[in-house]
Amino acid sequence: MSILVNKDTKVIVQGFTGKEGTFHSEQCMAYGTQIVGGVTPGKGGQEHLGKPVFNTVKEAVNATGATVSMIFVPPAFVADAVMEAADSGIELAVIITEGAPVKDMMYAKMYATKKGMKTIGPNCPGIITAQECKIGIMPGFIFKKGNVGLISKSGTLTYEASNQVVKEGLGITTAVGIGGDPIIGLSYKELLPMFEADDETEAIVMIGEIGGDLEIQAAQFIKENISKPVIAFIAGQTAPKGKRMGHAGAIISGSKGTAKEKMDALAAAGVYVVESPADIGKTVKEALSKK
Amino acid sequence: MNIHEYQAKEIFRAYGVPVPRGGVAFSGPEARKVAEELGGNLWVVKAQIHAGGRGKAGGVKLAKSLEEVEKLAEEMIGMTLVTHQTGPEGKKVEKVYIEEGADIQKEYYLGMVLDRTTEMPVMMASTEGGMEIEEVAAKTPEKIIKVAIDPTIGFQGFHGRKLAFGLGLSKEEIRPFIKFAEALYKVYMDKDANLIEINPLIKTGSGEFLALDAKMGFDDNALYRHQDIIEMRDLSEEDPVEVEAAKYGLSYVNLDGNVGCMVNGAGLAMATMDIIKHEGGEPANFLDVGGGANPDTVAKGFELILQDENVKSIFVNIFGGIVRCDRIANGILQATQKVEVNVPVIVRLDGTNAKEAAEILKNANIENIIAATDLADGAKKAVAAAKGEL
């Protein structure tokens with residue numbers, strides 16, 4: 001078992017023929033992901049990496065039965081691409097693109113929600129179900145199959161955490177890089193219950209960062225709904241207070257979004273909070289041995 | 001990106017958000033000329049820096065004569081203002097804004113920002129205008145009225161009424177207030193702002209609402225479609241090293257310690273700082289070489305780190321996804337040819353093409369490049385090297 005994606009998931013790539021799209025599609029295919037085609041407007045009818053290219057997402061979905069789209073289009077066009085995916089019956093859009101305007105993502109996510117399409121990202125490494133399906137830009141070989149679910153705001157910390165878990169002789173069910181932009185798709189609160197319901201997942205690692213209050217919300221949710229052990233690391237304990245111009249961001253969340261505040265909230269919810277990022281794997285092992 | 005008060009007010013004016021009349025000046029005589037043109041017998045001289053808290057620091061002063069305007073402007077230009085938002089080093093004042101005096105009857109606070117919880121822009125108002133709004137939020141949160149505005153329906157009357165009644169405005173004040181708020185919403189959305197703060201928003205004796213102050217910040221990701229905003233950028237307000245870093249797609253923040261860091265990804269970069277501290281050292285910087293790193297940007301990263309004379313060792317911590325480790329390895333080699341790297345460099349490369357990278361570094365055989373096996377090992381070695389114990 002796993003969450004959201006597995007070896008049978010059919011994936012199309014928006015921005016298939018671009019430089020990054022090509023490089024990472026190849027890597028995903030080599031990992032075993034069923035990439036069944038791609039979309040590049042104006043290049044419909046061509047073949048790329050041995051797969052058909054379509055002008056529209058709708059055509060790609062009709063011809064291939066794909067349910068997931070991996071999006072690599074440039075930032076100025078990413079909202080359009082997400083909305084096209086939502087309009088074409090895609091169930092999950094994994095948005096890798098970095099630098100998407102916040103306003104665009106606000107509209108895109110609202111439309112996706114209206115159409116019942118889940119999103120991951122933007123500005124994220126993607127999602128991987130170990131040794132089955134990689135939809136994103138993570139180095140696949142780090143993710144060995146196992147029983148630990150992983151949710152992370154940070155791309156490279158996702159790799160770091162998985163690497164540590166694997167070095168402890170454990171492995172990963174599914175790892176999701178949710179991204180750290182102001183507007184993101186699936187977050188801790190939506191992913192935690194999926195891991196809770198997944199038979200194979202026995203522990204959950206969550207990696208957070210300073211800013212915003214998603215981790216605080218997650219802490220409350222974990223306390224009430226999650227029975228599996230959760231191990232958390234929050235990056236930015238030593239980050240200096242930013243030279244902000246205004247105060248408005250801090251007012252809304254009712255918090256300043258510091259690492260300490262998040263770590264305290266998670267600890268109070270019964271989460272194993274690690275202070276050193278090098279102790280993630282070790283702590284997962286300890287938590288599992290106590291079960 | 002942030003802009004100055006006078007620039008924000010220019011934008012406000014263009015959108016029909018009422019502001020007092022005023023003009024910018026770079027010298028005392030210029031300030032006097034602006035005041036003369038404005039007319040009247042009361043002016044405000046305001047230091048233009050990208051930080052709040054100017055009033056308390058002596059950056060906002062009243063003048064009752066043209067001579068006084070000139071004198072105050074002369075004094076302010078060139079001075080370094082230290083406010084709670086500038087940091088202890090303060091900010092140098094290079095220009096002032098001269099504004100006509102206003103007949104203040106009551107002060108309010110009005111702001112807009114993205115609310116990450118509702119994922120919509122939220123407008124906030126408070127009767128506690130002129131106060132530190134953070135303090136109001138902490139002590140009397142009930143005095144801040146918030147309304148999230150769904151951008152698919154835009155600003156509606158009910159949004160405005162919720163704020164207006166919340167502020168306790170009288171019947172005849174409600175209409176001008178709503179008009180003000182609606183125009184402000186349009187500014188926020190049209191310009192891809194991520195922050196607007198008006199503190200204070202004032203009601204004048206004649207029942208008008210005026211933005212007495214104005215702060216605006218913008219979504220950097222959307223700047224490509226706002227040439228007018230890009231032109232308002234004041235590089236003198238930004239850290240020159242950070243600006244230089246940004247040219248190469250690097251994100252750099254200078255810190256006080258002596259262990260330099262070069263990392264890919266903001267999360268891992270922060271975690272690297274955390275672990276350096278955890279191992280008993282102090283990070284000298286935050287440096288994210290980003291997803292598009294190539295030999296040139298990595299070499300630039302070394303230059304940036306080595307500009308800081310406190311740096312005694314450098315920890316290169318790369319976990320390759322998009323960034324391929326062999327590119328980083330080549331960058332390290334190129335950097336050692338371009339820049340004299342006279343401190344130990346502890347290198348930890350893992351992920352995509354890590355083997356090729358290790359091979360590249362090994363073949364280069366450079367004395368002060370030290371390999372680390374993992375995060376903890378790298379941090380320990382970097383801290384030890386900075387202390388001269390490696």
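Start by selecting B:Glu119: at 18% relative accessibility, this residue counts as buried (buried is under 20% relative accessible area, exposed is over 50%, and partly exposed is in between, using a 1.4 Å probe and protein chains only). Look at the backbone there too, as phi of B:Glu119 is near 60°, a positive value in a residue other than glycine. You'll find B:Glu119 in the loop between β7 (104–115) and β8 (120–126) of chain B. Those labels follow DSSP runs numbered from the N terminus: helices are H or I with at least four residues, strands are E with at least two.

Before moving on, some housekeeping. This is a predicted model, where local features need pLDDT of at least 70 and side-chain atom pairs count only at pLDDT 80 or more, while totals for chains, interfaces and linings use all residues. Residues are numbered from 1 along each chain as its sequence is written, chains are lettered from A in the order in which they are written, and side-chain values use heavy atoms, with hydrogens and water left out.

Stay in chain B and pick B:Asn199 and B:Pro200. A cis peptide bond joins this pair, with omega about 10°. B:Pro200 is in strand β10 (residues 193–204) of chain B.

Now hop to chain A and select A:Gly121 and A:Pro122. The peptide bond from A:Gly121 to A:Pro122 is cis as well, with omega near 10°. A:Pro122 sits in the loop between β7 (118–120) and β8 (126–129) of chain A. A:Asn123 lies in the loop between β7 and β8 of chain A too, and its phi is positive, near 55°, in a residue other than glycine. Is A:Asn123 buried or partly exposed? At 29% relative accessibility, A:Asn123 counts as partly exposed.

Next, show both chains together. Here 56 residues of chain A are in contact with 65 residues of chain B (contact means heavy atoms within 4.5 Å). The area buried between chain A and chain B is about 5000 Å², and carbon and sulfur atoms give 62% of that. Buried area is the accessible area (1.4 Å probe) that two parts lose on being put together, summed over both.

Finally, zoom in on B:Arg348 and A:Glu160, whose side chains meet in a salt bridge (2.6 Å, N to O). The rule finds four salt bridges across the interface of chain A and chain B; each needs a side-chain nitrogen of Lys or Arg within 4 Å of a carboxyl oxygen of Asp or Glu. To colour the side of chain A that touches chain B, pick α1 (19–31), α4 (102–114), α5 (155–167), β13 (230–235) and α8 (248–253), which each supply at least two of its residues.
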